[in-house]
Amino acid sequence: MSSMRSLKAIYILWIRQLKRYSRSPARIVGSLGQPLLFLLALGFGLGPVFASAGQGNYFQFLVPGVVAMSILFTAVFGGIEIIWDRQFGFLKETLVAPVPRTAIMAGRTLGGATIAVLQGVIVLILATLFGFRPDLASLPLALLFMALIAVLFSAFGTAIGSIVEDMQGFPLIMNFVLMPLFFLSGALFPLTGLPRALEIVVRIDPLTYGVDGVRAALTGLPSFGIGLDLGVLCAVTVALLGLGGYLFSRIQV
Amino acid sequence: MGMARMASDSNIIQVTGLVKRFGDFAAVDDVTFSVRTGEIFAFLGPNGAGKTTTIKMLTTLLEPTKGRILIDGKDAQRDRNGVRESFGIVFQDPSTDDELTALENMDLHGALYGMSRAESRDRTKELLEMVELWDRKSSLAKTFSGGMKRRLEIARGLLHRPKVLFLDEPTAGLDPQTRNRMWDYLAKLNAKEGITIFFTTHYMEEAEKIAQKVAIIDHGKIIVQDTPAKLKAKTKTKSLEEAFLSLTGKTIRDEEAGAVDALRMHRRMWSGGRK
């Protein structure tokens, strides 16, 4: 009975977010600006240096990183929305509903993650227009990795949004959490021959394994191995879902 | 058994020794009161007196430091979801989803409260007709004026047939026409369905006209609770406003601005107030 209601709540909150997404084309287009800039400026700008260093096609290398980036940002921002929403928005309506808070959190997280994957797919399609050649046979595996990145960071965003009280903390989160997660993930550069300190940091960043997995699936470039990537991502995702669910259910307004 | 049953039948809300401390500051300081089933109850007080904090605790949004809250015989700390089914609420700040239509906002509420689709739609039609929004049911909530959003929120709060409706300053920022109309709906509902109405307001004439019982809270303590007529008699004043001033004094209360106020200001800057 109660689990039936939880499922219904998760479903309706998931649908809600998809509706909101489909109704804001301006936001969809707007959030493609940054990934496109990275793809075109870095992809074509650094391409010649990359090639002359004997590393091959940089654009081919970069696209999975930028796909992961757009998923990271979309997913975390979706979670952080809670900060705003808890005062001026729909969040309170869900917090007083006779449904377990964990179900509310799951619905929000899944909705946010689905949108993040959609953004990633759009970036991927745009990249093929500019000459990216993915390995189509491994596309389902790439989508699995994209979905894992999305759920992981959506839960992470929910955890942040549940403890930060106002938007003052936003630049802090942006500059000291999101940007480092992205720049230290191997999205932009190969992980071979890095200084030791940098290598350690990169290995701690969970996004590294997401980028590595998407890249291995789409391009067949060398990786840590699908098994390790999947294992790390799943473990971190489960941990963050637990943490996010716990912090979300403790929200007081 | 018989006695206890009787008591819970006649008092839909029973609050005993309620305390909420933020650090050293007691926002609500040992508050005890009850609201009878079917009553229209006004909860009044100057800014920062503890009204909103109390409502938040009654509606399971905030954990009390101490004390007990029973709503419809259910304990607000132990049986949260039971209590949540018993009340509807209209918040001080808007809480509709602006990117959804009026109907979708109602559907979502029905689903969250475990109503069947058919039951939810039937009741939605009845309520949206009552608040005169049925012909706008397919418009996005963001196209609604402040008054229309409030009406939608009232309809939404009533969808699952709650026994108590909480309204936290429901008429703030609305014109007199809308305010009057809103109280008409609520009085009608109170008469027709026997729903208990618990509200806060800064408009004393509103409370005087509508409320059967009034409690005044100041500095986190309830200083008086009675009918408006008896309060006026006690303080030898002609209006509830005068009674209120004679009980709470004439000094202006300066509330500390917190994170919420900062957000509220931000929102006003970006959206031009409660639209």
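**Sheet and contact**

Guide: In chain B, six strands form an open sheet with mixed pairing, in the order β6-β7-β8-β3-β9-β10. This is a predicted model: local features need pLDDT of at least 70, side-chain atom pairs need 80 or more, and totals for chains, interfaces and linings use all residues. Residues are numbered from 1 along each chain as its sequence is written, with chains lettered from A and ligands numbered from 1 in the order in which they are written.

Visitor: What makes β6 and β10 of chain B edge strands?

Guide: Each pairs on one side only. Strands pair if DSSP finds at least two bridges between them.

Visitor: How do you know that β7 pairs with β8 in chain B?

Guide: Five bridges join β7(B), residues 164-168, to β8(B), residues 196-200. At least two are required, so they count as paired. The two strands run parallel. One of the bridge partners in β8(B) is B:F198, facing B:F166.

Visitor: Why is α2 of chain B called a helix?

Guide: Helices are DSSP runs of H or I with at least four residues, and strands are runs of E with at least two, numbered from the N terminus.

Visitor: What makes residues of chains A and B count as in contact?

Guide: Their C-beta atoms, placed from the backbone, must lie within 7 Å. The contact takes 28 residues from chain B and 26 from chain A. On chain B's side, α11(B) gives the largest share, six residues.

Note on methods
Two residues are in contact if their C-beta atoms, placed from the backbone, lie within 7 Å.
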